[in-house]
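Here is a short tour of the model, with the cut-offs spelled out as we go. Please keep the 3D view open while you read.

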Amino acid sequence: MFEKLIDSFEKLCLQIIIEILLVPVTIFKLFQKPSRCYDFSVHEMEKEESERFRDYLSPIKLSVYTSVIISVLLMDYGGEQNFISRIKELSMVEKALFIFLINNCTAVLFSVILLWYKKEKVNTVTFRTLLFSFIYTTVYTSTPFFLLILSAMFLGQTINVQAYLTHLEKLHTYGVKDDLFFIVLLLFAVIGIIGLFKLFKALHYILKENFRYHPYVIWIFTLLFFLIQLYYAKGFI
């Protein structure tokens with residue numbers, strides 16, 4: 001009995017370690033080629049359920065891991081300007097669940113819209129494929145903020161970027177950690193811009209594969225979905 005318990009615990013720990021290591025691998029692959037948001041979902045849904053998402057994280061797990069991590073970090077390093085940090089009555093688990101729902105609200109909305117256009121039911125493989133694809137696209141808005149928060153934690157800063165930039169003229173009086181954080185802010189801006197570009201490309205690819213209208217209409221809906229997703233991303237980070 002005890003040996004079985006130890007074996008189960010060993011498998012659980014190994015599985016968690018593997019999945020954590022797959023987080024940066026999955027993020028890198030999605031940043032490398034935005035069309036993979038849709039292609040990965042399509043290819044995996046064609047496999048047997050037990051064979052899916054072995055080489056990289058599923059969109060649900062990826063979102064759960066990043067939501068929980070961001071939630072924990074925001075509790076201590078987010079600064080009071082972040083609305084998640086101001087919700088004092090929620091526990092860490094409740095905050096993580098709240099971030100997860102907000103983060104994926106656009107994915108559900110976009111999937112339902114395309115499903116209505118394709119005249120298919122919610123319980124179809126098509127819906128899960130679309131949902132997984134749109135959940136993957138949230139990585140482009142969450143990753144820059146995650147890196148910023150993680151860097152701020154190690155440098156003993158907060159992510160109150162506005163306050164930091166307000167005192168930018170006093171840069172010569174800052175210490176080494178402040179200078180490093182300023183470099184982190186620059187990297188954050190660069191990665192953020194790249195992420196926005198990748199997000200737009202990923203949304204356009206998904207719509208192009210599922211929305212059989214004139215190209216101009218697809219571009220208009222891509223821009224609409226892009227702006228909606230940015231609005232929600234601004235809300236939870």
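Setting aside residues up to four places away in sequence, Asn104 touches Ser63, Ile135 and Thr138, where contact means heavy atoms within 4.5 Å. Asn104 sits in the loop between helix 4 (92-103) and helix 5 (105-118). Helices here are DSSP runs (H or I, at least four residues), numbered from the N terminus.

A word on the source: this is a predicted model, in which local features need pLDDT of at least 70 and side-chain atom pairs count only at pLDDT 80 or more, while totals for chains, interfaces and linings use all residues. Residues are numbered from 1 along each chain as its sequence is written, and side-chain values use heavy atoms, with hydrogens and water left out.

Buried means under 20% relative accessible area, exposed over 50%, and partly exposed in between (1.4 Å probe, protein chains only).

| Residue | Relative accessible area | Class |
|---|---|---|
| Ser133 | 0% | buried |
| Asn104 | 6% | buried |
| Ile20 | 46% | partly exposed |

Ser133 belongs to helix 6 (residues 125-137). Beyond four places in sequence, Ser133 touches Cys37, Tyr38, Ser41 and Ile206. Its side chain reaches the backbone oxygen of Cys37 at 3.4 Å. The C-alpha atoms of Ser133 and Ser35 are 9.4 Å apart, although 98 residues separate the two along the chain.

Cys37, Tyr38 and Ser41 are also among the buried residues of helix 2, together with Asp39, Phe40, Glu44 and Met45. Because seven of its ten residues are buried, helix 2 is largely enclosed by the rest of the structure.

Of its 36 residues, Leu30, Leu62, Leu114, Phe134, Tyr136 and Tyr140 touch the most other members. Helix 6 gives the largest share of this core, seven residues. Which residues does Leu114 contact, leaving aside neighbours within four places in sequence? They are Leu130, Phe134, Ile206, Leu207, Asn210 and Phe211.

Technical notes. Helices (H or I, at least four residues) and strands (E, at least two) are DSSP runs, numbered from the N terminus. A polar contact is a pair of N or O atoms within 3.5 Å; within protein, one must be able to donate a hydrogen and the other to accept it, and residues adjacent in sequence count only if both atoms are side-chain atoms. A nonpolar core is a set of buried Ala, Val, Leu, Ile, Met, Phe, Trp, Tyr and Cys residues joined through side-chain atoms within 4.5 Å.
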